[in-house]
Amino acid sequence: MQLRALDRWVFGFWTALAVMGGVPARAQEAPPGLALGDPAPMTDVKMKNVDGREVSIADVQGTKGTLVIFSCNACPWAKAWEKRIVALGNSWQKKGVGVVVVNSNDPGRVAEDDYATMQKHAKERGMSYPYVVDATSDVARAFGAAHTPEAFLFGADGKLAYHGTIDDNAKEPGKVKTRYLEDALKAVAAGREVAVKETKALGCGIKFRPKA
Amino acid sequence: MSRPIAWMLAAAGIALASSAPAGGAARRQGPVIRPATPRQILAAVRAPGARAVVLNVWATWCVPCREEFPDVMRIVSAYRGRGLRPVLVSADFDDQVPAARRFLREHGVDFPSYLKSGDDMEFINALSPRWSGALPATFVYDAGGRLEYFHEGRVPPLELERAVRRALASTAGRK
C-alpha cells in the first residue's frame, strides 16, 4: 500500500507540473486504481437499481466473493460481452458470489446510457442481479475503473482477487480460448488462488460525470 | 530476408506512402486501412524517416475519439512538414471498416492507417503497459522510437502539441 501511495503522489506531482506548464508532461495516465489485495471502496454508497431500489455493494456481498463490473448500454465492447456477462452474473449469484453491474457513464455524453435504457437492457437480457447507476461516477473513480466493461472480483475475505476483462475474444464468443473471469470465479468460489489475476482488453473509456 | 527486416521495409513503405497524395479511389472510399499486428504497428512507428511520431488509437463508435480527432489532425497537419509521422490505428471491428474509412475521409486523412488485429492484451501492452485499454489513447515518440508522451482518454490539444514539439526538438538536439 505504501507503493500505491507513492504512485499517487508521483502522479499528482507530474500532473500539477504539467498543468502549470513548467515541466514537460511525459507519459501521463489515469491515476492508479485498486491493487490486488485491496478491499472494495465506497461499499456503503447506495446506487439506484433498475427496479427502483437503492442498492450498495455491501448489500450484494456474497459469502464466496463479490463481483463488481463497470459496464453500460452503448459501448460496442459492453454489447459484445453482454450476454456472457449476464450468463456469468446470473449463474454465479446463485452459487454464493454477490454480483452488481455499475453504469458510471454520464448519459449527458451518451444518451443510450440513460436509466430507461438500462431498465430495458436488464429486462430484455434477463439480468437477475442489480444493474445500478453510479450517479456521480465517484464509485468508478474510487475503483480506478477506466473503461467498460471492466471487472473487479473480490474473494470471500473482501480482497481484490481478479481485475480485468471477461475473456479473450469480445467479438467472437465461439473463438474464446481463455475465460479469464469465469476461471477467476471458479477459483475464488473454491477458495483457491486465481491463476491469472490481471488482464486487459480494449474498451470504451468511462464517460465520467464532472466532479462535484 | 529475415522477418524483422521484412517488417521494417513494409513499415518504411507505408511511411513513404503516407507522404504521397491520395489517389482518386482513396478519395472516394477513404484512405486505406490495413489490418496490423502490434509488431507491425511498432515497426511503422520505428521506421526510419520521421523526426517524431504521433500514434492515435481510435474507433468510429468512440465519442471522445471523434471529439478529439479534429485536434489531432490539426496538429498532424501543422507538424507533418517538420517531420511528424502520423500513425492512426482503428480499434473498430472488421464490419465497421467502411464507416472508419468514411470518417477518415471526412476528416481529410490522406495517408494509410491501420486496423488493430490480434489479441487485445498483447496490443495494449505492446504500446504501453501503463495503458488500461480505454479509448482513445495517444502516444508520441521521438525519432528513436522512445515513448515521449502517453495519454489515455480525450487528449488535451495543448498538451499534445507540446509533446510533439518536444519530440521534434529532442531529435534536432541530437543532430
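## Model and overall fold of chain B

Read along the sequence, chain B follows the pattern α-α-β-α-β-α-β-α-β-α-β-β-β-α, which amounts to seven helices and seven strands, where helices (H or I, at least four residues) and strands (E, at least two) are DSSP runs numbered from the N terminus. The model is predicted, so that local features need pLDDT of at least 70 and side-chain atom pairs count only at pLDDT 80 or more, whereas totals for chains, interfaces and linings use all residues. Residues are numbered from 1 along each chain as its sequence is written, while chains are lettered from A and ligands numbered from 1 in the order in which they are written.

Of the 175 residues of chain B, 46% count as buried, a residue being buried if 20 or more other C-beta atoms, placed from the backbone, lie within 10 Å of its own, exposed if 12 or fewer do, and partly exposed in between. Among the contacts in chain B with a separation of 6 or more, 76% come from residues 24 or more positions apart; two residues are in contact if their C-beta atoms, placed from the backbone, lie within 7 Å.

## Strand E2 of chain B

Strand E2 (residues 52-58) of chain B has seven of its seven residues buried, so it is largely enclosed by the rest of the structure.

E2(B) runs parallel to strand E3 (residues 84-90) of chain B, to which seven bridges join it, and Val54(B) has Pro86(B) as its bridge partner in E3(B). The chain passes from E2(B) through H4(B) to E3(B) in a right-handed β-α-β crossover, meaning that, with the strands pointing away from the viewer, the path from the first strand over the helix to the second runs clockwise. E2(B) is also joined by six bridges to strand E6 (residues 137-142) of chain B, in the antiparallel sense, and there Val57(B) has Ala137(B) as its bridge partner.

## Contact between the chains

In the interface, 27 residues of chain B are in contact with 23 residues of chain A. On the chain B side, helix H4 (63-80), helix H6 (120-127), strand E5 (134-135), strand E7 (147-152) and helix H7 (157-174) each supply at least two residues, and E7(B) gives the most, with six. By class, this side has 14 nonpolar, five polar and eight charged residues; Ala, Val, Leu, Ile, Met, Phe, Trp, Tyr, Cys and Pro count as nonpolar, Asp, Glu, Lys and Arg as charged, and the others, Gly among them, as polar.

Strand E9 (residues 203-205) of chain A pairs with E5(B) in the parallel sense over two bridges, pairing requiring that DSSP find at least two bridges between the strands, and Cys204(A) stands opposite Leu135(B).
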